[in-house]
Amino acid sequence: MKTLSVRVKSVALMFLVAGLTTGCATSGETKDPIEGFNRAVFSFNDGLDKVVLKPVAKGYDAVLPNPVRTGVTNFFGNVADVFVGVNNLLQGKLTAGVSDFGRVAVNSTIGLLGVLDVASNMGLEKHDEDFGQTFGRWGVGSGAYVVVPVFGPRTVRDTAGLVLDVAADPVANLDHVPTRNTLAAVRLVNNRADLLPADKVIEEAALDKYSYVRDAYLQRRRSLIHDGNAPREAESQ
Amino acid sequence: MKSVVAFFSSILFATIVMANDMAPDALIKSVSGEVLEIVRADRDIQSGNTKKAADLVERKIAPNFDFLHMTRLALGRDWRQANTEQQKALANEFQILLVRTYSRALTEYKNQTIDIKPLALKAGETDVKVRSEIKQPGAKSIQLDYYLQKGTTGWKIYDIEVAGISLVTNYRESFASEVRNSGIDGLLKALQTKNKSGDTVAIKK
């Protein structure tokens, strides 16, 4: 565990740097000032996905029966709920935060280490929070859009959030390396498999996949920061 | 006295509205209920028959949309650059694209149910948002919001937001950049090409 404090320190430094960059980036007119670079990384990520991740996710999806898939998603959802709760508290949403910790308590015990989402059936709703959203709540501007290699679409603010999310991630902090790696790989594949249906819809819908994904990401983050109640964007007519 | 008059006139108004057309939330409820019932019973659609799904969307869902309004929103300030003919042609192509996207989404259907939130419609309101939630076993529910406006032919949907992502707004940037680079006709052509390429994909499947 002593590596954790070192990690947190370096993360804090990175956050500071990212925060400064955000300040610069928001002054620009366009939300995608480094589009050329982003498009290059996007097609790299897309290629990597096509060759490696997507085929694995497809196989995984085909082999595992639905109840098992749900159990895996629930397990990692429960692991994530700890920091969902922390972020709700950081955003001042006390009731939501307490409910998240209640979820972890219930699901880790009665829910057999999180495999069953008993808490949802009890009326404790699952939330979606991360450090990027917390910064957004605090009023940090989103900054420029950035496609991060391997991780995909982010904004400068959400990249800073991502660094904290990774540092706080219970899986990444496991001391037993083989367990850590196995869990991280399963989680990655499982998350990708959950997104398979969306792929086809995007292919069908997008004139230009890059800008379609970018604009969807930016809209989605905006909505999440407002907990699903974002004001409608101006119609600019 | 005033409040009594207001009360009766609001009842009167409500009856007129009922007589003319369904309330927006009731409309969404009846259409989505009917469509899901068909999809649930149709193995072809569930196993990816987009043609059959598109037929269903065209018949049951599309008549409740105002595609001209949607296209206008997606074009933003560029809309006024287009003449009436171009506007019609754009709306036509955009309709094909949206119907196709919607149909593809329907073929991904697995045991979800839709929970439509009741709407407290105020008298005289002509622009509303109907909220709903897609519930799926073992996953977080997805927020699905419909935007409707009341016109001469009743309530029509002009936008849908899935998990906070507006289907219409999401095209704004790519439409704008297409218009910037090659004008209204360029955008029209890009949409036509996209729709045609979709055809070949559908046939290959």
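Reader: How many residues of chain B are in contact with chain A?

Author: In this predicted model, 35 residues of chain B meet 30 residues of chain A, where contact means heavy atoms within 4.5 Å. Local features need pLDDT of at least 70 and side-chain atom pairs 80 or more, while totals for chains, interfaces and linings use all residues. Side-chain values use heavy atoms, without hydrogens and water; residues are numbered from 1 along each chain, and chains are lettered from A in the order written.

Reader: What area do chain B and chain A bury between them?

Author: An interface's size is often given as the accessible area lost when the parts come together. Here about 3000 Å² is buried (1.4 Å probe, summed over both parts), with 49% of it on carbon and sulfur atoms. Lys140(B), Asn170(B) and Lys194(B) supply 19% of what chain B buries against chain A, more than any other three residues.

Reader: At what angle do helix 8 and helix 9 of chain A pack?

Author: Two packed helices are described by the angle and the distance between their axes. Helix 8 (residues 177–194) and helix 9 (residues 196–205) of chain A pack at about 45 degrees, axes 4 Å apart. The contact involves Arg192(A), Ala193(A) and Asp194(A) of helix 8 with Leu196(A), Pro197(A) and Asp199(A) of helix 9.

Reader: Which residues does Tyr171(B) touch?

Author: Not counting residues up to four places away in sequence, Tyr171(B) touches Ala205(A) and Tyr212(A), together with Ala74(B), Phe94(B), Leu97(B), Leu98(B) and Thr101(B).

Key
Axes fitted to C-alpha atoms, helices over the stretch in contact; angles between N-to-C directions. Helix = DSSP H or I, 4+ residues; strand = E, 2+ residues; numbered from the N terminus. Buried area = accessible area lost by both parts, 1.4 Å probe.
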